[in-house]
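Morning, everyone. I have one chain to walk you through today.

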Amino acid sequence: MANLIIGKGLSKSYGARRLFQNINLSIATGERIGLVGPNGSGKSTLLRIFCGVEDADSGQVVRQKHARIGYLAQADIFDEQATATDNLLKALQDGHSTETERYTRVQTLLSLAGFRADTVPVGELSGGWRKRLSICRSLLVSPDVLVMDEPTNHLDIEGILWLEGLLNGMQGMGVSAFLLVSHDRQFLENCTNRVIELSAMYPDGIFQVDGSYSRFLEARAAFVALQTQEEERLANKVRREMEWLRRGPKARATKAKYRIDEAGRLQGELSQVRMRNRASSAVQIDFEATGRKTKKLLEGSNLAKSIAGKTLFSGLDIQLSPGSRIGLLGRNGCGKSTLMQILASSADPSGLRPDVGVLAPADGVRIVSFDQRRETIDPEITLRRALAPDGDAVVYQGRSLHVVSWAKKFLFRVDQLETPVGQLSGGEQARILIAALMREPADILLLDEPTNDLDIPSLDVLEESLQEFSGALVLVTHDRFLLNSVCDQILGFDGRGGVAWYADYEQWLSHIEEIERADRPPAAPAKVRGADEPVPKKAGRLSYLEQREYDQIEERIEAAETVQEGLQETMGLPETVADPARLAECWENLEQIRQEIDGLYSRWDELDAKKNTGT
């Protein structure tokens with residue numbers, strides 16, 4: 001395999017804080033690389049260095065001559081007043097293609113991303129559609145290497161599945177390799193063939209495994225076990241050396257200098273191994289339940305809610321009891337967060353209420369909520385005050401902990417305590433919110449996207465803590481791995497005001513696909529007429545030519561829809577996707593046939609109205 005990009009001896013620091021040092025990493029043809037690591041380890045910085053957006057302090061990046069790189073950053077910056085088409089056309093002003101070629105390229109990508117209408121400003125798009133548009137922009141240059149930073153952020157489950165299909169078919173689109181950062185474990189398992197972890201726990205600062213994410217986990221566990229054994233071996237050896245050195249002068253008469261130097265070397269080696277092992281520590285997450293045994297903590301009957309004339313859900317019956325594990329699923333904007341807000345304020349008369357139905361909380365029920373919006377944290381206050389609002393100690397599980405010990409549970413350093421919250425990373429801010437939740441004993445936990453920005457070690461600990469929580473849990477997340485391992489019921493929203501219960505997310509997804517298939521206009525049935533059967537005469541005031549047109553229009557629609565289906569199948573073929581000119585031609589033909597079908601249906605309605613009304 002030919003190397004497309006090679007990073008040699010890369011190091012990067014910000015002030016006194018070193019992110020990584022002497023990192024060697026290459027991207028070769030056919031590689032689908034997932035980059036993981038703890039928050040703050042420098043993953044996003046490493047991507048920017050590979051793309052030439054940022055410079056390393058030392059080392060070099062060598063790119064294959066003429067290799068094109070597409071880069072998807074975490075932040076999406078668009079002209080908020082312009083449409084998706086206009087934004088992409090503006091980004092494609094390369095001077096190497098004609099206006100028609102640019103327009104065709106843009107429309108092909110938008111169609112591939114599922115955009116149907118392009119009449120609204122980007123500022124009105126949801127987070128999920130903005131992310132799809134950002135992915136389209138990264139593909140504009142027909143990259144040889146695609147570099148993506150957290151591409152699943154803001155995507156719902158359908159969007160993530162769409163992205164998986166796109167990435168797994170990338171080679172058919174001319175993309176030779178990709179490198180992406182993600183904390184979505186199922187996504188990594190489905191899309192990558194090489195996983196790399198950037199972490200201070202490794203002697204070289206990096207750990208690379210060929211194969212799937214599950215293969216990486218196996219290799220990583222073996223490495224950690226060996227490193228733990230190495231720490232124990234070194235600790236025993238240092239102890240023996242120190243015991244020898246503490247003996248009297250007679251025992252140290254010969255080779256004393258050598259033994260002293262050796263003991264010092266062993267202590268230094270042990271210190272390094274210990275430091276690396278401590279770097280692998282995870283956040284200590286443990287939600288505290290009240291231990292309440294009430295059978296019904298919260299019950300809702302026939303709940304309904306509409307916003308701005310749109311029905312989000314109706315006819316909903318829900319009961320939360322100790323041990324309930326409910327996941328909410330639905331497209332962005334379907335009403336999941338609204339339902340969470342209603343449940344959270346069920347005991348507050350001034351909170352958000354359902355339009356219809358009865359919501360009955362148990363007396364004195366304690367509800368704790370996690371809001372996915374970061375604006376719930378004042379960016380001006382220090383980390384110390386965010387973690388311990390009432391002083392230099394917090395009360396956790398009935399005992400007092402100093403803020404330094406409390407901060408260490410969430411992997412914060414002592415020197416960070418005076419840092420304003422607004423200067424912390426998204427993952428660090430998420431850990432502050434989780435720390436606040438842990439201080440409050442709860443009967444019901446309402447978690448709205450708690451996994452956003454959390455690194456994989458933190459996700460693993462969060463998963464274990466939720467499994468052990470004895471109260472009721474309602475969880476909104478697009479992390480399929482977390483849903484499957486924690487939730488035993490799924491409440492699915494169809495986006496049209498309907499809700500239903502499902503066993504898992506796949507069952508919900510199948511139901512949504514059935515609804516969409518039912519919505520598609522059926523192909524007009526072909527007329528079957530016997531050889532001797534006379535053509536029936538039509539009543540009404542159609543002219544001779546109009547009558548002939550009316551008799552034939554259903555067959556014309558059926559024929560056009562058959563052509564449409566054939567073009568759609570052709571566009572999905574790998575050889576078509578790999579040929580931009582052929583793909584553009586198919587897209588243009590598809591648009592023409594769609595317009596023709598729309599015109600035929602309109603003409604059919606017009607003739608039918610004239611025939612039946614006689615006007």
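Which residues are buried in H4? Gly128, Arg130, Lys131, Arg132, Leu133, Ser134, Ile135, Cys136 and Ser138 are. Buried means under 20% relative accessible area, exposed means over 50%, and partly exposed is in between, with a 1.4 Å probe and protein chains only.

Some ground rules. This is a predicted model, where local features need pLDDT of at least 70, side-chain atom pairs count only at pLDDT 80 or more, and totals for chains, interfaces and linings use all residues. Residues are numbered from 1 along each chain as its sequence is written, and side-chain values use heavy atoms, with hydrogens and water left out.

Now the confidence. pLDDT is the predictor's confidence in each residue, from 0 to 100. The chain averages 82. Of its residues, 84% reach 70 or more. Residues 535-539 stay under 50. For that stretch the model has 9 contacts beyond four places in sequence. Contact means heavy atoms within 4.5 Å.

The overall picture next. The chain has 615 residues, and 45% of them are buried. There are 18 helices and 20 strands. These are DSSP runs numbered from the N terminus: helices are H or I with at least four residues, strands are E with at least two. Take the contacts with a separation of 6 or more: 68% of them join residues 24 or more positions apart. Accessible surface comes to about 30200 Å², with 49% belonging to carbon and sulfur atoms. That area is from the Shrake-Rupley method with a 1.4 Å probe; for residues, only the protein chains shown count as cover.

Back to H4. This helix spans residues 127-138, 12 residues in total. From first C-alpha to last, H4 reaches 17 Å, close to the 16 Å expected at 1.5 Å a residue. The expected span is 1.5 Å times one less than the number of residues. H4 is mostly covered, with 9 of its 12 residues buried. What covers those buried residues? The cover includes strands S5 (69-72) and S6 (145-149), plus helices H2 (84-91), H3 (99-112) and H5 (157-168).

Zoom in on Leu133, in H4. Why does Leu133 count as buried? Because its relative accessibility is 0%. Beyond four places in sequence, Leu133 touches Phe78, Ala84, Leu88, Leu110, Phe115, Val122 and Leu125. Leu110 is 23 residues away in sequence and 7.5 Å away in space, C-alpha to C-alpha.

Arg132 is next. Arg132 lies over the face of Trp129, at 4.6 Å from the ring centre. Arg132 also lies over the face of Trp162, at 4.8 Å. The criterion is NZ of Lys or CZ of Arg within 6 Å of the ring centre and within 35 degrees of the ring normal.

On to the rings. The structure holds 9 aromatic pairs. Rings of Phe, Tyr and Trp (its six-membered ring) pair if their centres lie within 6.5 Å; planes under 30 degrees apart are stacked, over 60 edge-to-face, the rest tilted. Phe207 and Phe216 form a tilted pair, 6.2 Å centre to centre, with 50° between the planes. Phe207 is buried at 16%, and Phe216 is buried at 2%. Trp406 and Phe410 pair edge-to-face, at 5.1 Å and 75°. Both are buried. Ring pairs also link Tyr202, Phe207, Tyr213, Phe216 and Phe223 into a cluster.

Last stop, Glu189, in helix H6 (residues 185-191). Buried or partly exposed? Glu189 is partly exposed, at 29% relative accessible area. Outside four places in sequence, Glu189 is in contact with Ser212, Tyr213 and Ser214.
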